Amino acid sequence: MSILSEETQPQYNIAIIGAGPRGTSVIERLAKLAIKVPELATMVRVTVFDPYRPGSGHVWSPKQSPHFLMNTPASFPTVAPERVVTEPGLSFQQFVDNHGDGHPLDEREATTLRNTRRGTYPPRAIYGCYLEHVYDSCVQVLDAHPNIVVNYVPAEVIAVRPQGIGYQLEYEVSGPANHGTEQVTVDTVVLALGHQSSELNPWQKQLQRAAEQAEAIYLPPAVPADVDYSNFHAGEPALLRGMGLNFFDAMAELTLGRGGIFKEVSDQPGQRFEYIASGQEPQLIAASRRGTPYWGKPVVDEFIPAEISLRFFHAEDLIIKVVEARRSNPEAALSFARHIWPQLHRDILWAYYSQCASIEAANPIEDPTAFLVGVEDILEAEHHEGNQVWLSELRTYIEQFPHLSWLDIPSLARPFDQIGFGSHEEYQHTVREYLAGNARHSTGGLSDPLSRAIMTMNAGRMVIKDLVTKGILDEQSRIEEVQAHFEPLVEGLSSGPPLERIEQLLALSRASLVHFIGPEPEFGFNDLSGKFTASSPWVDTDVYEAKVLCEAMMPANRVLQNNTALITQLLAEKVARAHTWRNAEGEQMTGSGFDVVGEPYRLINGEGLAHRGVFVLGLQLSSAQWGTAIAAQAGDTTDPAAQTLRDAEQIVIEIARMAGVNLEELLAGSAK
């Protein structure tokens, strides 16, 4: 029995806005609370708002094309700690191992799960099934609790306003039964908004206006499942700007999705497939700033294999250094270029050259042990802080071994930098050679030196994410060095598609169904022909023209650029503000995310005051965290890669405290 009847119990009302992965993590932590605390003195009412199906939300719908693949292996992502006994949540890999964990599956979904291994990159639709299962299982637990009520409202929240000690929400219910704007008052709000639509930049708007006047088709940045692929006509050229994950989704949907077949004809990397066309494919003309797609993933079972370690990049030592410095200077912080990159750079080079030395077949190094001792001596030598002399010393040392090439890591992000190509054919051939090299290196997995170096860089990225979250990295360094320079490098090499997509792209290029424009592409609109134009200053060929231009990228993750009704209202009415920072010259600069404070992250209003009961989770934390789009990692929840799970738990603990329940002891260890 309940301590008090529902009518006489004090009530605490929680609104969760957004029921995708982040919102689902909050629901899962609440369900863990329900198991830990079988009876509450307060009646807790949880209302979940999302116009899309809760669990999968907008991005992960099980109804989307099966051709859209995840870009992390099945062993990596999760919205809940790994199940130990009878927890309502579980990791995605456990969902796979348990054949759906009782979730209803159709024949295709069941087959997909049977064929999924730890290193498999499954369709996003099947991950959506997992998310819905976790959400449904957790809501079932919450509904069984005598003092917790969960209500899902299929609606878009368009406003959140402080009202007394609580908040008033305005929302519009989705579907034909929409009766206009409705309101509800709650005590606490969790903003788990996920990807939001955004205003186009000025140049994109100009292209869009030109297209409207000429009846051409401009497709703005969007979630891939929202793109209308019927705008791509068989045999006709179409321009795609961006060669990251959205590009590969479009490529798959416009080939496999139109009846094309990738026939496996070889086990040689770079030659795996021959494409058999259906005749319904458009001519895809692809462009990106670097002139190439994201690097295809190494063939390994884990996102970061256990064999990858960091021996020079010591985050703990750096943290201690900052803590000591802040005793005399509260503003002391790390610089990426001075304190972090020199250490991580050593790790990447060590991973590369130590693997080179370990390759026995046709290895011309007469004494691999002596070679590695020489590398170690240079990498471990003491230098003044920030000193990069070791780098030139190592390069001089490597030049003594003619069969070894110097690994110029920054140049990996710009493989064709300052290189000109005399014709379209020459450039297509060069890109195919580059992609075939990607296939050879990635197929080698841990045994390949370059793959090992890239995975080491990715391991460093996850540590840097944690340092950013801890607030010990100088903000100007984070924005101008990490986000502006390191992020494009590590994203281009570590956040690419499964290798299968690179092999398929090669087959399409050989079949002349995909054409590459070249580095630093320039886009425009020809008013006479009524078509978009594209060209590269580094490839001497005719200008490409097409009636269709697709921005193959997600909407910008910047709150000042996001144009949804809710974010617009929050900023306009000063319920929220964008984060700002000052550079070395004292100029005030605007960050990408909301201004927040503390952990859990409370929203700050336009006057600089923190809301008592509005918490932010996920992508809109991009000014307080880095890499907010990366999923939480299964396994050890103390790992920096599980930050989202910890954020969700901290929110639940704080909400429970505000509702009059002290959960710190009860939930201690619950994420284990």
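Here are a few worked exercises on the predicted model above.

Before you start: residues count from 1 along each chain as its sequence is written, and side-chain values use heavy atoms, with hydrogens and water left out. Because this is a predicted model, local features need pLDDT of at least 70 and side-chain atom pairs count only at pLDDT 80 or more, while totals for chains, interfaces and linings use all residues.

**Exercise 1. Check the span of helix 16 and say how many of its residues are buried.**

Step 1. Helix 16 (residues 643-658) has 16 residues and reaches 23 Å from its first C-alpha to its last. That is close to the 22 Å expected, where the expected span is 1.5 Å times one less than the number of residues.

Step 2. Of the 16 residues, 13 are buried, so helix 16 is largely enclosed by the rest of the structure. Buried means under 20% relative accessible area, exposed over 50%, partly exposed in between (1.4 Å probe, protein chains only).

Step 3. Just after helix 16 comes Gly660, with a positive phi of about 100°.

**Exercise 2. Describe how helix 8 packs against helix 13.**

Step 1. Two packed helices are described by the angle between their axes and the distance between the axes.

Step 2. For helix 8 (residues 336-358) and helix 13 (residues 475-494), the angle is about 30° and the axes are 11 Å apart. That makes helix 8 roughly parallel to helix 13 (under 35 degrees counts as roughly parallel, over 145 as roughly antiparallel, 65 to 115 as roughly perpendicular and the rest as oblique).

Step 3. Phe336, Ala337, Trp341 and Leu344 from helix 8 meet Ser477, Glu481, Val482, Phe486 and Leu489 from helix 13. These contact residues split into 7 nonpolar, 1 polar and 1 charged. For the classes, Ala, Val, Leu, Ile, Met, Phe, Trp, Tyr, Cys and Pro count as nonpolar, Asp, Glu, Lys and Arg as charged, and the others, Gly among them, as polar.

**Exercise 3. Is strand 13 largely enclosed or open, and which strands pair with it?**

Step 1. In strand 13 (residues 283-287), 4 of the 5 residues are buried, so the strand is largely enclosed by the rest of the structure.

Step 2. Strand 10 (residues 237-241) pairs with strand 13 in the parallel sense over 5 bridges, and Leu240 has Ala286 as its bridge partner.

Step 3. Strand 14 (residues 514-516) also pairs with strand 13 in the parallel sense, over 3 bridges. Here Ala286 has Phe516 as its bridge partner.

Conventions:
Axes are lines fitted to C-alpha atoms, for helices over the stretch in contact, and angles run from 0 to 180 degrees between N-to-C directions. Helices (H or I, at least four residues) and strands (E, at least two) are DSSP runs, numbered from the N terminus. Contact means heavy atoms within 4.5 Å. Two strands pair if DSSP finds at least two bridges between them.
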